[in-house]
Amino acid sequence: MTDEAERKMQFLYALRSRGVTDARVLSAMEKIDRRAFVKGLFAERAYEDMPLPIACGQTISQPSIVGLMTQALQINPRDKVLEVGTGAGYQAVILAQLARRVYTLDRYRRLVVAARAVIEELGIPNVTAITADGSFGLPEQAPFDRILVTAAAEDAPSPLLAQLRVGGIMVLPVGQSDAVQSLIRVTRHETGYEYEELRAVRFVPLVEGVGED
Ligand code: SAH
């Protein structure tokens, strides 16, 4: 086996051993090469189950966390999904393998431009990346069947709760930015919102406003 093939096998093994068991999620993560999203110095480490630095002081999430969040969303093929926190675009492209349409927002234009370039290079037709403060969601495309937030807020932002369709699911980390946060799943019912705590996680903070870069 080549080194590359061996690294990819270990990558998938790490996902499974950390609880990513959904066959559709695993096959999306097998198909989409994380290396395409990790530039420069850290490219060598793209198949390690670790978050890695990207531009603007942000990070590309740890693959097993990407897998667990995607799995927790229980995406259906017809779903319209909103992601807050494009970062490198990796999570958005994984979501796009499972959903009909993905809108992804980041407060840094520079990250959005770079993510768009990778999305185009990979020929992914159903992801739209937009520079915006994601705490306000994307009212013109609401409601969403699924919402994923990949930066931690103290609480679920109310515009995002409002933009979730009845029957929809949102997954997000909540808690103080410098402490351990909880990944939670919010399901919207006719009568209100149901909250479940999934696991402890650590994400960069959700920051208000659009960035300078
Ligand atoms: N999902 C990404 C990792 C995201 S890191 C990936 O797969 O690579 C979190 C991202 O959230 C950062 O890029 C940061 O700029 C962004 N972010 C933080 N606050 C935000 C806000 N209010 N609106 C939009 N994006 C935000």
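Start by selecting Val207 and the ligand: a polar backbone atom of Val207 is 2.7 Å from a nitrogen atom of the ligand. That is a polar contact, meaning a pair of N or O atoms within 3.5 Å; within protein, one must be able to donate a hydrogen and the other to accept it, and residues adjacent in sequence count only if both atoms are side-chain atoms. The protein covers 99% of the 580 Å² of accessible area that the ligand has on its own (Shrake-Rupley method, 1.4 Å probe; for residues, only the protein chains shown count as cover).

Before clicking on, note that this is a predicted model, where local features need pLDDT of at least 70, side-chain atom pairs count only at pLDDT 80 or more, and totals for chains, interfaces and linings use all residues. Numbering runs from 1 along each chain as its sequence is written, and side-chain values use heavy atoms, with hydrogens and water left out.

Next, pick Gly134, where a backbone N or O atom lies 2.7 Å from a nitrogen atom of the ligand. Then go to Gln91: one of its backbone N or O atoms is 3.0 Å from an oxygen atom of the ligand.

Now show the whole shell. There are 28 residues around the ligand, and Gly85, Asp106, Asp133, Gly134 and Val207 come nearest (a residue counts as near if one of its heavy atoms lies within 4 Å). By class, you'll find 13 nonpolar, eleven polar and four charged residues (Ala, Val, Leu, Ile, Met, Phe, Trp, Tyr, Cys and Pro are nonpolar, Asp, Glu, Lys and Arg charged, and the others, Gly among them, polar).

Switch to cartoon. Strand E2 (59–60), strand E3 (80–84), helix H4 (90–98) and strand E4 (101–106) each give two or more residues to that shell (helices, H or I with at least four residues, and strands, E with at least two, are DSSP runs numbered from the N terminus).

Select Asp106 in strand E4. Asp106 is buried, at a relative accessible area of 9% (buried is under 20%, exposed over 50%, partly exposed in between, with a 1.4 Å probe and protein chains only).

Colour H4 next: eight of its nine residues are buried, including Tyr90, Gln91 and Leu98.

Last stop, helix H3 (residues 63–73): eleven of its eleven residues are buried, so H3 is largely enclosed by the rest of the structure.
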